[in-house]
Structure formats: C-alpha cells, structure tokens
Amino acid sequence: MDITAVAAPSARVAVPRGLVPASVVLAGAVTSLIGLTWDIQWHTDVGPDTFFTLPHLFLYAGSAISGLASLVVVLVTTANSKRAKEVDPVVGGRAVGVFGRTFAAPVGYLVSGTGAALFLVYGLWDQWWHGLYGFDAVIDSPPHIGLLLSISITMVGAVMIFAVARDQRWGTYGVAGAAATLLTFSMVTVLGLRALPGGPVNTVNAGSAFFSVMILFMGAYVLNRRGGALAVGVVVAALQALFWWFSPWATEVYATATGLPLRDYVDGIPGLPNMIPMSLLLVAIAVELLRGLPAWIPGLVGGVMITGLAPVQRILVYGAGFPAMQRYLATVVAGAVLGALAGMLGRRFGQMLRHLAPVKENTHA
C-alpha cells in the first residue's frame, strides 16, 4: 500500500495516501446532509426561513468544505503534472485535462468540485431569492432545487473518489459511507415527483424504490464482495436513527434560541428520516441472498419490498389508513418495474466506478 508518512511530535504516523482529502470531501457531504435534514424539519415545524439560518449555513459550509478540498487536490495534481512528477491514480482516479490541459484534475475530485462550484451559483440565486421575497415557505423553491442537485453531484464525486481505493480498507468504508449519504440525500430529490400529474401510482413511493435500489446496487457492485449491499444498508439505517432524534431536537432548540414558536400541529415526527424506507435493511439482506442472479431479479424484489411496505411504515409512524387497493397494487407493480431497472442500472454504474481504479488493482479484483 502506498502511504505517506506524517510527522507528529511524539511519533510518525502512517496515513494512507489519499485518505485525508477523500475524508474531507465526505465530511463536507455529511455536513450538507445534516443541514438538509435540519432545514426540512425547520420548514415543517416552524415555517418560513431567511437566507442566513443555521440549517442553511450547514448546507453552505458542507459544500464549501468539499469544494475547497477538491480544489486543493486539483491544484496539487496540476503542479505535480507540470513538474512531470508521477501522479498517484489512487488519489481520486486518473487525472484528466481541464480547460485545454490547463489543469490536471483527478476525475473524482473534478466531479465533486464541479458540484460545489454549481452550488455557489445556486447559492447566489438563493440569496437573491430571499432578498426578493424575504423568506422561503417551502423546501422545494426553485433555487433550493438547484442547490440539492448540485450537492448530489458532489456526493456522486465522493463515491467516485472512494471507489478508486475500494481495494484498501479505508476505500471500502468510504464507499459504504458515501453511497449511504447519497442514498439518504436522494430521498429529498424524489419529492420532485409530486409535481407529476395525479394517477393510480404513488410516484414518491415508486421513486424512492428506484433510487434506493439503484444506489444500493451501485455500492454493492463497486465493492463487489459479499456483504457490500448490507454495509450500505447498515450505514443508511444508522443515519436514519441518528437523524430521527437530531432533526426535531435541533429544530426545537434553534427555534427557542431565536424566539420563534413551533407550529401548533407539530407531531415530533422527523421529515427526512421518515422518507427513508425502513425496509431498506430487508432489501439489502435480500440482495445478499440473491447474489449471483441477474441484477434485475433482486432489483425487482427490492422494488416490490419497498413499495409494498411503504404504507406499513406510514401506518406505524402516523397511524394512517391503508391506501386503496387499486392504488396500492399499481404502485407495487411500478415498484417492481422500476426496481428491476434500478438493479440493472446500479450494477452497470458500480462496474463503471470499478474501472476508475488503477489497472494494477483491477487485475486482482
């Protein structure tokens, strides 16, 4: 393993090459996820917000952290390339030329940095939006949609960065963490499907099944080892449990500190954590048991499980009634089709990400 020695006052500690910048990018992505779950709960329990709120600052700070780390890696790689110094492909993947080879950017950091740069553009738009209208009453305002998409790009870059080092222990853990962060974040992206014309299918449940299965399979096929899907599912479950407590608590504490009242109908149920399918761990287990079959088969099973158990989750959490049988069956059928498609796409994306690794590592994969 190629490592870089880092001097410490009392000893020399060996740090795997590439670990530090990759960890910083992932830390930025997780910070943005914390800001998002907090912001969603704020809109639910308190209501309108301004540009400068703590949840927003977490969102902005997370993207800035990931963006600055990506920029530093690109600049260092460019400097090494100009000096004809060998560039280690384990650090973010093979370097590609940017702006006519003015810069040499590892592909993973190029994607994460591009997402952060787009976030800056949408952040300026969000500030203008708040200056024009004063506040946001909902989470899905036009600039927020752009912000969410740009953060998603940064998270995809984080998965790519760790996928390059998947044969190292820190890369394995990083893939599971980055894929789980992306999966959790994508549950908010699914809310955009509510804008589709009404029909017999619950589009949000079907969309959740599609993204959950696709990202779960992507992480599993990047790692390409038994337990890969389960590792991603366990990290998602840990994030869900943590945010289930954090979101309402942080919102109430911040509202009290700023002198704002909670809405009368606040029920204490967290927004983002409740969007994550609680059946995801069961899906991960099913994927592991069906390992070796064509990807569309476990994908179909996963889609059916998520859409089929989604009403049960609502009953347990909200005490809601069971949906009309026609709508329920139509949603499960849609979940089966989308799950099968997601399984095939996730497998293909995972295999593509494996090709980011150096050739010498691929020969042992």
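A: Before the residues, one cut-off: contact here means heavy atoms within 4.5 Å. And keep in mind that this is a predicted model.

With that cut-off, Leu-353 touches Val-159, Met-160, Ala-163, Met-218 and Val-222, leaving out residues up to four places away in sequence. Leu-353 is also one of the residues with the most contacts inside the largest nonpolar core, together with Leu-36 and Leu-216. That core has 76 residues, and its largest share, 12 residues, comes from helix 6 (residues 203-223).

Now for the helix pair. Helix 5 (residues 169-189) packs with helix 7 (residues 228-258) at an angle of about 55 degrees, and their axes are 8 Å apart. That angle makes helix 5 oblique to helix 7, and the crossing is right-handed. On the helix 5 side, the contact is made by Ala-176, Gly-177, Ala-179, Ala-180, Thr-181, Leu-183 and Thr-184. Helix 7 brings Ala-231, Val-232, Val-235, Val-236 and Leu-239. Sort the residues of this contact by type and you get nine nonpolar, three polar and no charged.

Leu-183 turns up again around Ser-212, a residue of helix 6: leaving aside neighbours within four places in sequence, Ser-212 is in contact with Leu-183, Met-187, Pro-277, Leu-280 and Ile-306. Ser-212 has a relative accessible area of 0%, so it counts as buried.

Terms used:
Residues are numbered from 1 along each chain as its sequence is written. This is a predicted model: local features need pLDDT of at least 70, side-chain atom pairs count only at pLDDT 80 or more; totals for chains, interfaces and linings use all residues. Side-chain values use heavy atoms; hydrogens and water are left out. A nonpolar core is a set of buried Ala, Val, Leu, Ile, Met, Phe, Trp, Tyr and Cys residues joined through side-chain atoms within 4.5 Å. Buried means under 20% relative accessible area, exposed over 50%, partly exposed in between (1.4 Å probe, protein chains only). Helices (H or I, at least four residues) and strands (E, at least two) are DSSP runs, numbered from the N terminus. Axes are lines fitted to C-alpha atoms, for helices over the stretch in contact, and angles run from 0 to 180 degrees between N-to-C directions. Angles under 35 degrees count as roughly parallel, over 145 as roughly antiparallel, 65 to 115 as roughly perpendicular and the rest as oblique. A crossing is left-handed if the near helix is turned anticlockwise from the far one by less than a right angle, and right-handed if clockwise. Ala, Val, Leu, Ile, Met, Phe, Trp, Tyr, Cys and Pro count as nonpolar, Asp, Glu, Lys and Arg as charged, and the others, Gly among them, as polar.
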